[in-house]
Amino acid sequence: MNTKLPVIAIVGRQNVGKSTLFNSIIREKKAIVDSHPGLTRDILSYTVNFHDKHFTITDTPGLDLESSSELSGPILDNARAHLEKASIIVFLMEYPAPAPFDMEILRIIRKLNKPSIIAVNKMDSAERMQEMSNFYETGVVDIVPVSALRRSNIDMLLRRITDLLPSGGKAVSEPDVTIAIAGRPNAGKSTLMNAFLGYERAIVSDIPGTTRDSVDDYFRYNGRLFRAVDTAGIRKKSKSAESVEFYSFRRSLDSISKSDVVLFLIDASQGLTEADKKIFDEIVKAGKPAVIAINKWDTVEKDDKTFNSYKDKLVFKLYRADDFPILSISARDRQRTAKLLELALDLKERASKRVETPLLNRTIAKLLNSGRVRQLGGTLKIYYAAQISTSPPEFKFFVNNPLLFKRDVVRFFEKSLQKEFSLHGLPVSIQISGKKRRMGGQE
């Protein structure tokens with residue numbers, strides 16, 4: 001989150017509707033909502049502007065996690081540490097009456113001695129409103145009845161929040177670069193996120209799939225503002241719209257598509273897997289600048305040839321991997337994590353580069369005359385070329401016969417343009433346009 005803005009933390013028991021309320025306030029389906037208790041594990045945040053006042057709203061895990069869960073300790077510690085930093089706490093209970101653990105949460109909130117608002121969820125009818133008296137037994141007088149699902153009284157809640165806001169609430173600056181940290185479960189994404197932020201923002205565990213939502217936060221490096229998104233570990237493309245993995249997968253793809261640069265983590269101790277290939281395919285399909293980071297390099301026995309050997313195997317097995325920078329890192333030890341940020345800034349800046357049309361056409365003519373282009377079934381001619389978009393760079397070739405421009409020919413020009421115009425790390429794409437002819441030259 002941006003530390004310059006006040007933080008509003010939504011807290012409560014599991015399954016009272018915290019994530020639904022979070023989504024309702026931000027008007028996006030950012031948090032995964034499901035009837036399964038304990039789904040939220042990390043702290044999600046989003047910058048809100050209400051009546052020209054800015055603040056960061058956060059969705060926290062349910063504070064009544066079972067102690068028997070292997071993850072419950074770190075999750076609860078993270079949530080409670082977050083509450084210490086919050087400016088205002090929104091405590092959510094639900095119809096029809098307070099549950100026993102609600103009183104325990106209320107005790108925790110009172111000990112924090114912070115401004116707080118009590119909201120009661122699922123108050124979506126006149127009959128239910130009659131049960132509001134049940135909640136005054138808590139000793140709290142100022143209570144806001146809401147329906148997170150139907151967005152009932154959300155503006156009332158936001159007005160109460162802005163009334164309690166500390167002075168300030170200035171507009172948040174746009175980040176210089178937004179990076180998405182992608183990879184399969186347990187590749188070290190949350191560890192890298194924490195290394196960037198300098199504190200334990202994301203839950204780190206050896207249990208695969210700990211991160212289910214995409215978790216984001218802001219930080220500064222060398223005077224530049226970064227927004228980092230720790231995506232859920234992508235296992236496979238679930239076809240079931242009812243499954244948690246389906247929503248995690250969709251959130252991860254959405255985070256990748258909205259990023260400026262993707263940091264793709266591969267677990268060096270496990271090597272390249274089919275899951276890694278599928279994730280990388282999604283990154284390439286999204287057309288995103290990327291850095292391939294081989295994480296946990298500290299666990300590998302190595303000499304001065306190990307990295308180059310690993311890199312060569314990676315390029316051989318992963319189509320288009322040589323289009324991107326490849327770096328060995330240790331997120332745990334923060335080795336070369338600063339280099340990742342420098343590369344991300346460089347890629348963001350170069351992604352907006354536009355090649356002048358005359359220079360582009362002179363370069364293509366030089367490539368055609370170099371004798372390195374395969375001529376099969378006819379003579380390749382490119383009448384005219386232009387760059388049609390940036391971020392990523394996309395070019396359009398107007399040619400004599402599109403059938404002659406096979407995949408390997410187009411690939412040759414993509415790689416050549418990358419080299420000629422310093423576009424390494426950017427997924428160059430080329431559209432071929434022209435009247436199709438049969439190979440014999442007949443119309």
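Helices (H or I, at least four residues) and strands (E, at least two) are DSSP runs, numbered from the N terminus. Welcome to the close-ups of this predicted model, in which local features need pLDDT of at least 70, side-chain atom pairs count only at pLDDT 80 or more, and totals for chains, interfaces and linings use all residues. Residues are numbered from 1 along each chain as its sequence is written, and side-chain values use heavy atoms, with hydrogens and water left out.

**View 1. The whole chain.** Let's begin with an overview: the protein chain has 12 helices and 15 strands. Of its 443 residues, 52% are buried, where buried means under 20% relative accessible area, exposed over 50%, and partly exposed in between (1.4 Å probe, protein chains only). A contact here means heavy atoms within 4.5 Å. Among the contacts with a separation of 6 or more, 70% link residues 24 or more positions apart. The accessible surface comes to about 21,000 Å², and carbon and sulfur atoms account for 48% of that surface; such areas come from the Shrake-Rupley method with a 1.4 Å probe, and for residues only the protein chains shown count as cover.

**View 2. Helix α12 and its neighbours.** Helix α12 covers residues 407–420, 14 residues in total. From first C-alpha to last, α12 reaches 20 Å, close to the 20 Å expected at 1.5 Å a residue; the expected span is 1.5 Å times one less than the number of residues. Buried residues of α12 include Val-410, Phe-413 and Leu-417. An α-helix has 3.6 residues a turn, so residues three or four places apart point the same way. Which elements do the buried residues of α12 pack against? They pack against α11 (357–368), β13 (382–389), β14 (394–399) and β15 (429–433). After α12 comes Ser-422, with a positive phi near 55°.

View 3. Find Val-428 in the loop between α12 and β15. Is Val-428 buried or exposed? Val-428 is buried, with a relative accessible area of 1%. Leaving aside residues up to four places away in sequence, Val-428 touches Arg-320, Pro-393, Phe-395, Glu-414, Gln-418 and Leu-423. Asp-323 is 105 residues from Val-428 in sequence, yet their C-alpha atoms are 8.7 Å apart in space.

**View 4. Helices α1 and α5.** Two packed helices are described by the angle between their axes and the distance between the axes. The axes of α1 (residues 18–26) and α5 (residues 154–164) come within 11 Å and cross at roughly 85°. Axes are lines fitted to C-alpha atoms, for helices over the stretch in contact, and angles run from 0 to 180 degrees between N-to-C directions. The two helices are therefore roughly perpendicular to each other, a term for angles of 65 to 115 degrees. Leu-21, Ser-24 and Ile-25 of α1 meet Ile-154, Leu-157 and Leu-158 of α5.

View 5. Most residues other than glycine have a negative phi, and most peptide bonds are trans. Tyr-95 and Pro-96 are joined by a cis peptide bond, with omega about 15°. Pro-96 sits in the loop between β4 (88–94) and α3 (100–112). Another cis bond runs from Ser-391 to Pro-392, with omega near 5°. Ser-391 is in the loop between β13 and β14, has a positive phi of about 50°, and is partly exposed at 44% relative accessibility. Asn-222, between β8 (215–221) and β9 (224–230), has a positive phi near 50° and counts as exposed at 63% relative accessibility.

Technical notes
Angles under 35 degrees count as roughly parallel, over 145 as roughly antiparallel, 65 to 115 as roughly perpendicular and the rest as oblique.
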